[in-house]
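My entries follow in the order I made them.

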Amino acid sequence: MSTSRRFLAPVALPADPSCSVIRDAVVDVGPDGRITYCGTAAEAPSAASDVPRTRLSGILTPGLVNTHAHSPMTLLRGLGGDLPLLPWLRDVIWPAEARMRSRDARAGMLLGCTEMLRGGVTTSAEMYAHAEAVAEAVLEAGSRVLLAPAYFDRPGGDWRGDIDAVGRWIDADGLRFGPGERVELCYGPHSAYTLPPQALRSTAEEAARRGALVHIHVAETLAEDAAQRERYGSVPQLLKETGLLNGRLLAAHTVHLSDSDIAVLAESGAGVAHCPGSNAKLASGTAPLHALRSASVTVGLGTDGPASNDDLDLWEEARLAMMFARQSTGDPLTLTAADAFLMATSAGAAALGRSDIGSLRPGNWADMAHIGVDGPYFTAGLDVTDGHLLANLMWAAGAREVRDVWVAGEPVVVDGETVLVDRIAAQRAAAEATSRVIGVG
């Protein structure tokens, strides 16, 4: 943005800790793309008559934060859809990914960004190969990413070189770069079962040196980490022993945890990415969300990849999280609509170690979504209790009512359609890439 702008909406949800509902709201955005005010119109600072004003008809929210994704896998949707995790990876996904080239990953990521932005997701934490191509796609789409180049210990792999490459990239371009700091670089060790302990130790040392986030799969299924549990007691214990829990860590999935594992994560301040849709599809289990949150572990929501979900709809993950949590405890108050909204926004940002996104407050990037309320999901309108409003938003409306989206104050979706990316062309490019990767067409 080159000028300041004022947004006016009947309702704004700033995603503060109490999940406030602001009526007759104003959000001011400065020329640098950061929020300068969020509150009621009555208390808003005066604005010059030439400051552009955008009047919205619905609800203004922070952009959603997808804390765990492999979005270039839009190219692999539907492959091995009835397999559990390890056969799915080893027999279907990894062979297909071995045929993927940078241009393919770029096409898949661009389509993924388009899908997420149209659903109000402005930030995703991505773990994938071909990371430079993924970053290019993000910058083209105008979205935001925490990008962790993935590495493994398998034939043809070089985890030492991969770790060094991440460090060189951060040292050259900075931890965050791009317009509005849209790209943050992270370390992406795939998991404890695909890397030796020395790789985890080296990752911990290099990430700590640069203040970088480490993004890793943790205890997703019972079978995957059997050797690590036998030797170290649990994956969280291994993470602690290798030093990964001493720095910024995002643990994806965390399905199979003991009480002591949860205590280890809580003590370290690690963030967790809860992926109920993918976990259910792959029959991996249901993560102990209530126990994690009760222990004050910061938990956000993730879609996982669009080949194991198979969509990038974070509103759907919020609904699944509420349903599974209530089903597992027998208590409808275990995870409320307000709780789920915060998990999709500010708590997700906190799980990534970010305080500058995920909420509408002064100093934060103006990553925002406008939710329409003229459809069938808000039959009682906006003049209802705060709880009723949040229920309609989280249980009924979701991605279907996203109208407009901004990242760092820049419009990226207008009236439901992306404006920086030609969606039809992106879909065509992804289809061509899919044909190359999986040999169809």
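I am working on a predicted model, where local features need pLDDT of at least 70 and side-chain atom pairs count only at pLDDT 80 or more, while totals for chains, interfaces and linings use all residues. Numbering starts from 1 along each chain as its sequence is written, and side-chain values use heavy atoms, with hydrogens and water left out.

**Largest pocket**

I noted the pocket definition before reading off any value. A pocket is an open set of points on a 1 Å grid over the protein atoms alone, where a 1.4 Å probe fits, with protein on both sides within 12 Å along at least five of seven lines. Lining residues have an atom within 4 Å of a point. A volume is the space filled by probe spheres set on the points, with grid points joined across faces, edges and corners.

I read about 800 Å³ for the largest pocket. I listed 38 lining residues, with Ala129, Ala150, Tyr151, Phe152 and Arg154 nearest the centre.

Which elements each supply at least two residues of this lining? I found α1 (85–98), β7 (121–128), α3 (131–141), β8 (144–151) and α4 (159–173). Helices (H or I, at least four residues) and strands (E, at least two) are DSSP runs, numbered from the N terminus. The largest share, seven residues, comes from α1.

I sorted the lining of the largest pocket by type: 22 nonpolar, eight polar and eight charged. Here Ala, Val, Leu, Ile, Met, Phe, Trp, Tyr, Cys and Pro count as nonpolar, Asp, Glu, Lys and Arg as charged, and the others, Gly among them, as polar.

**Second largest pocket**

I read about 350 Å³ for the second largest pocket. It has 22 lining residues, and Pro17, Leu342, Ser346, Ala347 and Ala350 are the closest to its centre. β15 (298–301), α12 (337–344) and α13 (346–351) each supply at least two residues. α13 gives the most, with four residues. By type, I get twelve nonpolar, five polar and five charged.

**Parallel sheet**

I traced an open sheet of four strands, in the order β12-β13-β14-β15, with parallel pairing. Why is one side of β12 (214–218) and of β15 left without a neighbour in the sheet? Both stand at the edges, each with a single partner strand, so one side of each has no neighbour there. Neighbouring strands are turned by 30° against each other on average, direction ignored. The axes are lines fitted to C-alpha atoms, and angles run from 0 to 180 degrees between N-to-C directions.

Two strands pair if DSSP finds at least two bridges between them. Five bridges join β12 to β13, running parallel. Val218 has His253 in β13 as its bridge partner. I found three bridges between β13 (residues 249–253) and β14 (residues 271–274), also in the parallel sense. Ala251 stands opposite Val272 in β14.

**Single residues**

I looked up Arg354 in the loop between α13 and β16 (368–371). Arg354 counts as buried because its relative accessibility is 3%. Its side chain makes a polar contact with the side chain of Glu184, at 2.5 Å. A polar contact is a pair of N or O atoms within 3.5 Å; within protein, one must be able to donate a hydrogen and the other to accept it, and residues adjacent in sequence count only if both atoms are side-chain atoms.

Then I turned to backbone geometry. Most residues other than glycine have a negative phi, and most peptide bonds are trans.

Ala15 has a positive phi, near 65°. Ala15 sits in the loop between β1 (5–12) and β2 (22–29). With 4% relative accessibility, Ala15 counts as buried.

Ala408 also has a positive phi, near 50°. I placed Ala408 in the loop between β17 (402–407) and β18 (410–414). At 7% relative accessibility, Ala408 counts as buried. Its C-alpha lies 9.0 Å from that of Ser143, 265 residues apart along the chain.

Last, I logged a cis peptide bond between Asn309 and Asp310, with omega about 15°. Asp310 is in the loop between β15 and α11 (314–329).

How values were computed. Buried < 20%, exposed > 50% of the residue type's maximum accessible area, 1.4 Å probe, protein only.
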